[in-house]
Amino acid sequence: MEKFTKAFPSKPLRVPKDRQWALAGVVGSGNLEVMFERAARASDTMECHVETSIPGFRDSWLAALADFARHYPVGGTKVTIHDQGAAPVLVNLRLRQAYDHLVKTKP
Amino acid sequence: MSQLHLFHEQTARQRIAAVTDAGSFAELLPPPERLTSPYLAQLGIPVSFDDGVVIGHARIDGKKVYIAAQVGQFVGGAVGEIHGAKLTGLFKAAARDRVPCVVIIESGGVRLHEGSAGEIAIAETMRAIFECRARKVPTIAVIASDIGAYGGMGILSTCCDFRVMTEHGRLGISGPIVIEKWMGKKAYDSSNRALVWKTSGGKTKYLLGDADALVHDAAGAVREAIGKLLTKSSPVTLKNAKARQKELEKRLKRFGKTADPDDVWKGLGVRDIATASLASGPEFAALAKAGRK
């Protein structure tokens, strides 16, 4: 098990505040769950907390998260991830799904 | 939710949304509460925000219900301390408020990583179910996924007033692999899917009277079956328990020595095994009913 936390610069989230959290994925083999929450803190960073069962891939995680924060306006959010060995492409997909759930008015 | 989705392919939250009135579901102890398993964390196993079960209240045809759905992909939907406590609390709330309670089961039973705590949690949930039944508050188990309801969750499902199943659902105590380990591959081959589903699947359970409804693998069909049962309850009385015991004795006498599950189907009205195997939920039920006449 490896845990780490890091914040990444990102453009502020531009959606109404009625939705406070959103979830995508499930903690299963080769899968992960991603939860977006609105953070009380700075609106220009995405705060990330990762827990993964596969140690040793911190650099890949940080690169994937930094890339996501650069491409999507997710400043002012907190992202928590529980991972059970997902491939990077799936991490990216789950982040996008959770973001979609957060910004869409209807689930 | 679209009818194009198969119920067994949906996620726990999608299933709840699909069987309840649009937008009526309010989740209790939602993911941001982070009620996760302390045991899994100690063992270095990833935890889940909801500990593998979604609970809350919603409306079905305007009528308030408490509802839970297990997440089969997270440690096989297995019940740990937190997971079990969420179920216990939900049924206790149902008994207190006299509101029907529905549980969509997808679980292999107790989570072995927290065995004793999980066993106790299931026992407490059963007690809460009987509190509901003593007050004539309907309790309904839905068993409609390949994981099914096994171990403690299999027993728990039979404590409820009613069980709604699809042909995908399976109901039992020991799972197929466990039976094979104890009895040998000759006695029970767990890799033989036809055998496994014919002994523990929804169709057989419906024929035997263990399931009260056998429906199509679609949220709309599951919802309709739940709706019909929401106003009914099956009282726990000595008379009913004795009658049930008689039924089970009769079943044992009739099929106890049978090695081929097809004999059970035939004995309960199925005339053409091949046609019945291909028939889906209600069509299968109709075939068996016609065959008994």
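Predicted model: local features only at pLDDT ≥ 70, side-chain atom pairs only at ≥ 80, totals over all residues.
Residues are numbered from 1 along each chain as its sequence is written, with chains lettered from A and ligands numbered from 1 in the order written. Local features need pLDDT of at least 70 and side-chain atom pairs pLDDT 80 or more, while totals for chains, interfaces and linings use all residues.

**View 1. Chain A meets chain B.** Here 15 residues of chain A are in contact with 11 residues of chain B (C-beta atoms, placed from the backbone, within 7 Å). On chain A, β2 (21-25), β3 (31-38) and β5 (77-84) each give two or more residues. β3(A) gives the most, with 4 residues. Strands (E, at least two residues) and helices (H or I, at least four) are DSSP runs, numbered from the N terminus.

**View 2. The largest nonpolar core.** This core has 99 residues. A nonpolar core is a set of buried Ala, Val, Leu, Ile, Met, Phe, Trp, Tyr and Cys residues joined through C-beta atoms within 7 Å; buried means 20 or more other C-beta atoms within 10 Å of a residue's own. Among those with the most contacts inside the core are A:Ala98 and B:Cys101. Helix α3 (residues 81-97) of chain B gives the most, with 7 residues.

**View 3. Around B:Cys101.** Leaving aside neighbours within four places in sequence, B:Cys101 is in contact with residues including B:Val65, B:Leu90 and B:Cys132.

**View 4. Two domains of chain B.** The domain assignment, automatic or from a database, gives domain 1 (7-233) and domain 2 (237-293). Their centres, taken over C-alpha atoms, are 24 Å apart. Here 14 residues of domain 1 are in contact with 12 residues of domain 2. On the domain 1 side, α8(B) gives the most, with 4 residues.

Notes
Contact = placed C-beta atoms within 7 Å. Buried ≥ 20, exposed ≤ 12 C-beta atoms within 10 Å, placed from the backbone.
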